[in-house]
Number of protein chains: 2
Amino acid sequence: MSTGPERENWFTEYCEESGSAFSLRTTRELHDSHSRYQRIQVFATTNFGNLLVLDGFVMLSARDNFIYHEMMTHPALCTHTDPRHVLIVGGGDCGCLREVLKHDSVKRVDQVELDAEVTRVSEKFFPELCTANDDPRASLHFTDAIDWVENTPPQTYDVIIVDSTDPIGQAARLFAAPFYRACRQALRDDGLLAVQSESPLIHLDLILSIRAQMTAAGFTHLDTLNFPQCTYPSGWWSATLASTRGAHDRIRSTREISGCGYYTAEVHRAALTPPAFLRAAITAPHAPEAS
Amino acid sequence: MSTGPERENWFTEYCEESGSAFSLRTTRELHDSHSRYQRIQVFATTNFGNLLVLDGFVMLSARDNFIYHEMMTHPALCTHTDPRHVLIVGGGDCGCLREVLKHDSVKRVDQVELDAEVTRVSEKFFPELCTANDDPRASLHFTDAIDWVENTPPQTYDVIIVDSTDPIGQAARLFAAPFYRACRQALRDDGLLAVQSESPLIHLDLILSIRAQMTAAGFTHLDTLNFPQCTYPSGWWSATLASTRGAHDRIRSTREISGCGYYTAEVHRAALTPPAFLRAAITAPHAPEAS
C-alpha cells in the first residue's frame with residue numbers, strides 16, 4: 001500500500017470531502033502569523049512562486065492565480081455596458097482589485113475584507129497583485145462585508161464580486177439567500193453579481209445550492225462559468241454570475257484589457273458553456289430549492 | 001515548515017517537473033503486478049472509485065476518466081463526416097474504445113496497445129470501460145503501435161487516436177515527427193489525428209513541440225483543445241487535433257452520442273478556445289521548430 005508524500009518541504013492541502021490532496025514543493029516558509037481571524041502562512045515554492053495559505057487552505061500561488069482573478073472579474077465587467085462602481089467582498093490579496101481597475105470605466109472600487117492582515121501580507125509577498133492598491137479609485141475597508149452590503153444604499157453598485165473563502169465559519173453566510181438579497185438591493189437594475197462557486201467536480205451540490213439561493217434572492221438569470229485552477233481542490237473551479245437581465249455571453253464593451261494571461265472574449269463565452277453533467281444538473285426539475 | 005501528506009492509505013503521484021503532487025485517499029490495494037513492460041497497480045479509493053496506476057503514474061480514476069475519454073474521441077469523430085475505420089494507439093484501459101464505438105458510423109476499430117496485461121486488469125477492475133471490448137467491430141492487438149502504423153497501407157483510417165502515456169521511455173517516440181508522418185500516411189485525405197498532449201499549464205513547451213512535429217509531418221491544420229482532468233498533474237489537460245483539412249470546430253454529424261457526462265457540441269467548440277497565454281504561444285513567430 002502506498003502512503004502519502006513523506007518527504008519534507010512539501011505543503012499539502014487535504015480536501016476531506018473529496019478524499020484528495022494537492023501538494024507543492026516548498027523551499028522555505030516566508031511568513032506565519034495568527035491574525036485576529038485566522039492563521040496566515042506564506043511559502044516559497046520551487047515551481048509556483050509564493051503560496052498564500054489561510055488556516056491550511058491554499059488561497060493562491062503566484063503562478064496560477066491569474067486564471068482565477070481574471071475569471072472572477074472580467075466576465076462580469078465586460079458584460080456590463082458601463083461599470084462605474086464596483087464592490088469586492090473579500091479579495092484581501094488584491095488580485096481581483098488589480099483586474100477590476102484595468103477597466104477605464106470604473107470610477108470607484110470598494111473592497112471590503114474582514115482581515116487587514118491578509119492585505120498587509122499580500123502587499124509584502126505578492127506585490128504584483130497589489131499594484132492597484134494605491135489607485136485613487138480604490139477604497140480598502142477592513143470590516144464585515146455583510147454589514148457593509150446591508151447598509152449600502154439601494155442602486156449603488158454596477159458589479160459586486162464575492163471573492164470569498166470556502167463556505168466554512170464566517171464565510172458560510174456569503175453563500176446564502178439573505179446576503180444575495182442584500183447584494184441585489186445594493187446593485188443597480190442592470191447590475192451583476194459574480195461569486196466564486198467552488199469545484200464543478202466535487203462541489204456540484206454547493207453550486208446548485210448557490211444557484212437556488214440566488215433565485216430565492218430575486219436574481220432571474222444565472223450562469224455558472226468554469227475554468228482550471230491548479231491549486232484548488234480538483235484543479236477545476238467555477239464562478240456564478242447572477243443578474244436580472246441576463247445575456248451574460250454578450251460582451252458589451254470593446255474595452256481592451258491589458259495583460260491578461262487567460263481571459264479573452266472567446267474564453268469568456270467558452271467558459272459559460274456547461275459540461276453535460278452540469279447542464280443536466282442545472283436544468284433538472286428536482287434541483288434543490290432554496291429554503 | 002509543513003511536510004507532505006504523511007498519513008497512511010494515500011496514493012500520491014509526484015510531478016517532479018512542476019514541483020506538485022496529487023493524492024487520493026485509498027482504502028486498499030486491489031492489484032499489484034509487474035508485466036513485461038511496467039508495474040500495474042489498482043487501488044480502491046474513498047471518493048474516486050478504483051484508481052489505475054502504471055509505474056507510479058495515475059492513468060485514470062473511475063470518477064473522472066469520463067472527461068478525458070470523451071474529449072480524446074468525440075471531437076475528432078464528430079468533426080469527421082463519416083468515420084468508419086478508427087485506430088486507437090495505446091488505450092489499453094479501453095475507455096476510448098467504448099466512446100468510439102458509440103458512433104454508429106464506425107465499422108472497425110483497431111486498438112494497438114503494447115501491454116495486454118493493462119487490458120486484462122482493466123477488464124477486471126474497470127468493467128464499465130470495457131463494455132465494448134466484445135463488440136464485433138473492435139479488434140484488440142497487443143503489439144508495438146509504431147510498427148503497426150508504419151505497416152498500415154496508406155489511406156486506411158479515418159481517425160487515429162493516440163491515447164498514450166507520458167513522453168517517457170517507449171512512449172517518447174509517439175510524440176515525434178516520424179510517427180506523426182506515418183499516421184498521416186495511414187490516414188485518408190480527410191482523416192484526423194487526435195493525441196493527448198499533456199497539461200497547458202505545466203507542459204506548454206511539450207504542446208508547442210508536438211505541434212511543431214505535426215507540422216513537420218505534413219499536417220496543415222492544428223487545434224489544441226483543453227479540458228479539466230482532476231487526477232492528472234495540474235488538473236488541466238489537453239488534446240491536439242491535426243488534419244490537412246481543418247475546420248475542427250465544424251460538427252459534421254447530427255449523430256446522437258449517448259451517455260456523455262462532459263461532451264456536448266457546445267463543449268466541443270468551447271474546448272477549442274485557447275486561453276490567452278496558449279493562443280500567444282501558438283501564434284508566436286518564434287515558436288519552436290521541429291528538428
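How many residues of chain A are in contact with chain B?

Guide: The model shown here is a predicted one. In it, 47 residues of chain A are in contact with 47 residues of chain B. On the side of chain A that touches chain B, the elements giving two or more residues are β1 (10–15), β2 (20–34), α7 (265–271) and α8 (276–283) of chain A. The largest share of this side, eight residues, is that of β2(A). Sorted by class, the side of chain A that touches chain B holds 21 nonpolar, 18 polar and eight charged residues.

The strand β2(A) also deserves attention for its pairing. Strands of a sheet pair through backbone hydrogen bonds, either parallel or antiparallel. Here β2(A) and strand β2 (residues 20–34) of chain B run antiparallel and are joined by five bridges. Within this pairing, A:S23 has B:A21 in β2(B) as its bridge partner.

For context, chain A also contains an open sheet of seven strands with mixed pairing, in the order β8-β7-β6-β9-β10-β12-β11. At its edges stand β8 and β11 (221–228) of chain A, each with a single partner strand, so one side of each is left without a neighbour in the sheet. From one strand to the next, the twist averages 15°. Strand β7 (residues 108–113) of chain A pairs with strand β8 (residues 138–142) of chain A in the parallel sense over five bridges, and A:Q111 stands opposite A:L140 in β8(A). Together with helix α3 (residues 116–125) of chain A, β7(A) and β8(A) make a right-handed β-α-β unit.

How values were computed. Residues are numbered from 1 along each chain as its sequence is written. Chains are lettered from A and ligands numbered from 1 in the order in which they are written. This is a predicted model: local features need pLDDT of at least 70, side-chain atom pairs count only at pLDDT 80 or more; totals for chains, interfaces and linings use all residues. Two residues are in contact if their C-beta atoms, placed from the backbone, lie within 7 Å. Helices (H or I, at least four residues) and strands (E, at least two) are DSSP runs, numbered from the N terminus. Ala, Val, Leu, Ile, Met, Phe, Trp, Tyr, Cys and Pro count as nonpolar, Asp, Glu, Lys and Arg as charged, and the others, Gly among them, as polar. Two strands pair if DSSP finds at least two bridges between them. A crossover is right-handed if, with the strands pointing away from the viewer, the path from the first strand over the helix to the second runs clockwise. Axes are lines fitted to C-alpha atoms, for helices over the stretch in contact, and angles run from 0 to 180 degrees between N-to-C directions.
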